[in-house]
Amino acid sequence: LYEVRQYKRGLKTCDQILKKVPNHGETLAVKGMFLTNMERKEEGYEHIKRGIDISPRSSISWHVYGIVNRSDQKYEEAIRCYEKALEVDSENLHILRDLAQLQTQLRQYEKLVVTRTKLAKLNPVLTAFWLGLAVVHQMLGRYDLALKAITSHEDNLKHDPAMLKNEVSEILMYKNWLMELKGDHQLALENLKEIRSRVTDVTAWKEQKANLLLKVERREAAALAYQELIERNPDNNNYVRGYLACNGLDMACADDKEAVLEVINSLQQQFPSSNTLKFLPLTFCEGDSFVQAAEALAKHALRKGIPSLFTSMKTLYANEAKGAALGRMIEGFATQLRDTSRFSDSADDEPALAPMWSTFYLAQHADYYGDHERALQLIEDAIRASPDTVELYMVKAKVLKHAGDICGARNTMDFARQMDLKDRFVNSKTVKYMLRNNDVEEAEKMMVMFVRDDAAHKVQEIVDMQAIWYMRERGDAYRRLGDVGRALKQYHQVQFCFDTYHRVQFDFHSYSLRKATIRAYVDILQWEDQLYTHPTYVGAAHAAIDCYIDLHDRKQNGTPFSAISSEGQTKPLTRNGAAKQGQHNLAAGIGEAKPAEVDKDPSGATHVGAADYMAEALKFVEQLESAVGQQLQTHLSAFEVHLRMQKYFLALKAVNAVKAIDEDHPSLVPMAARMIADMDANESFAAPMKAALKGQLAKSFGEVSIEATIEAHKGSLPHMLAGAKGLLTIGGDANAASSKRALLKAASAEYSDSRTLDGLLAAKDLLERSGASEAEMSDFAASAKLVFPLATCF
């Protein structure tokens, strides 16, 4: 009854048993399990614990307790319960299987080996158990033992009528992969030939064949195998690189460039439609050969009117010479097309819009190099030539954004959206630009236009869709508006989405083994191990930490933040409401919308009302240290939290980690100075430990002086901003005055080589903190406008 979710019937059955035997421990535990799934958790846990007290040696009671803890995501406690149950019933397959799933979820691979081995021995005919044992050995790098597990069960595959062809195929290909990982390439190649008739994934088999032939140095056969793969998909970059390797060539090797180009040109003649083969030469060619290859690709794109030409070329701009060459090349094309309507080597006129597309590219080229005024002029020329092309307005919006005119960018992107109301991509871009302009309500109305028609509560549907980019951008908008509560609400929703991604892998620990999708399952495990390195999560986590730091500092300064009331905020949109407010026809039926559960805490009051802000921030810090400990920003955030918690040794650890990554980072000396100032102000901190920490800082930085560091890095805006922020954080009138003097010069020619729009905006925020007068802020804005004349954000 529990497995089919018949909770009421199950509860009724338990009550009938308990009427006859009131102190039956196992029945009490099972009753508690049903209660926990009927929104009576506390009562359910009480019944389970009472059942265990009555029958402490009952495997059923402990198993039930483990199931309930697992459903509440208390995995460590659930494992403890399963282990208790196994002390009583050591060969219970159900308990062992549940334990194996949890050990996989928590990556307790050494313990998992023991559990999987026991499962395989207790039921040696079940394929899933052997596959599970092989996978855990693979994750531990014990490929020989993984192979042994597969091989010992392989004979059963031939006699198991329940095994589908594709399942057998997957297992055989997995075994071959293990042979390759072990290093037995020749044996793997022979095995691959043997299993050919039983493999249904033909493409994977052919890829593995080419790969193994290359590894055993049978280059001619490998070349033929890769040639066959290229014929199937000439745009697969790996196939082309493998084919080159068969010829002893490497695109990264300077000596091989001419030979590589010759081979790729030969492939281009065979597969003229392949974009990959057209682009690859640009990644390694230099000088005239680069220009020649780029000309062929660019002319084709300009003739066909391919808007993504610059996007395709953008990676090449990391090489300064290539970026400049591309600019000169397109400038030449634009002149040729304007003067003669054709390219210099062409006898026929080009399409009428080819000049417009060349101007379009040049606008993006100028924008890339920060020449926003020229970029805007060029994109206006392109719009006059083709006023109905949506992509032109999108690029214009991007130029305005980079120039600092966020409002203009938002309006331009919205204009582009109205040109094609059915385009979801442009709609999403418009939402993003609205949020960048802090138009949260308008963005919400726009976002729900493409939510499914039958969604009862469309805003909640966005959360259910896990649109993490929207949550992150919305959180940033609320943060700029000063609504820290709602900002935290969005960042925690991002956290919840990633936690959900991590949690739902649990179901695959049994499903993938049962369906024998082993290679994909291993990919899932490896992907999940890198889950929290995703840029959206990392960015949201740092933003949440900053919000908690802001709340903490306000509380310390005697001006605590109060969650902003939901009054006046956007009302929850139902599907009918969205139809009225949006420009699409979202009618989804007659009458009232379906009742939906509305968010009970839209203002983020729960997060604002947290008892310990730094404890909440520390949760994010620990996750970041585990996932992206090699990133510098992780340790900067860790320092801010540890310093406020007065955990000075951990703060020093963060300082040393930053120094190890970048010994000249702008924040290093200000961090050391702040740490010394905080220790000096903390009278309860033991003097010997204080002296030891100061000694370590002196050893690393000598005499710590923020002003001296700013002076030593004249012309570096990042060093000046970090120093000014450090002085303001330490406090004092003298520090505030010194900081203000430096910040007022942020837009001056002294910082011409390092000033950016974001840098000047940071200087503006710090100036406001320093107590600058209205006249001083006005002077700063005027000087910043000279650097970014199109900006409206100063």
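The model is predicted, so local features need pLDDT of at least 70, side-chain atom pairs count only at pLDDT 80 or more, and totals for chains, interfaces and linings use all residues. Residues are numbered from 1 along each chain as its sequence is written, and side-chain values use heavy atoms, with hydrogens and water left out.

The chain contains 43 helices and zero strands. Both are DSSP runs numbered from the N terminus: helices are H or I with at least four residues, strands E with at least two. The C-alpha trace spans about 90 × 75 × 70 Å along its principal axes. Of the 794 residues, 50% are buried. Here buried means under 20% relative accessible area, exposed over 50%, and partly exposed in between (1.4 Å probe, protein chains only). Contacts are heavy atoms within 4.5 Å. Among contacts between residues at least 6 apart in sequence, 61% join residues at least 24 apart.

The chain exposes about 38700 Å². Carbon and sulfur atoms supply 50% of this area. Accessible areas come from the Shrake-Rupley method with a 1.4 Å probe; for residues, only the protein chains shown count as cover. There are 98 positive and 107 negative side chains. Lys and Arg count as positive, Asp and Glu as negative; His and the chain ends are not counted. The centres of the two sets lie 6 Å apart, with each charge placed at NZ of Lys, CZ of Arg, CG of Asp or CD of Glu.

A search of the whole structure finds 37 salt bridges. A salt bridge is a side-chain nitrogen of Lys or Arg within 4 Å of a carboxyl oxygen of Asp or Glu. One of them pairs Lys 41 with Asp 72, with the closest N and O atoms 2.7 Å apart. Lys 41 lies in helix α3 (residues 41–54) and Asp 72 in the loop between α4 (59–71) and α5 (75–88), so the pair ties together parts 31 residues apart in sequence. Lys 41 is partly exposed at 38% relative accessibility. Asp 72 is also partly exposed, at 22%.

Glu 350 bridges to Arg 303, with the closest N and O atoms 2.8 Å apart. Glu 350 sits in the loop between α19 (320–340) and α20 (354–368), and Arg 303 in helix α17 (residues 287–304), so this pair ties together parts 47 residues apart in sequence. Glu 350 is buried at 11% relative accessible area, whereas Arg 303 is partly exposed at 35%.
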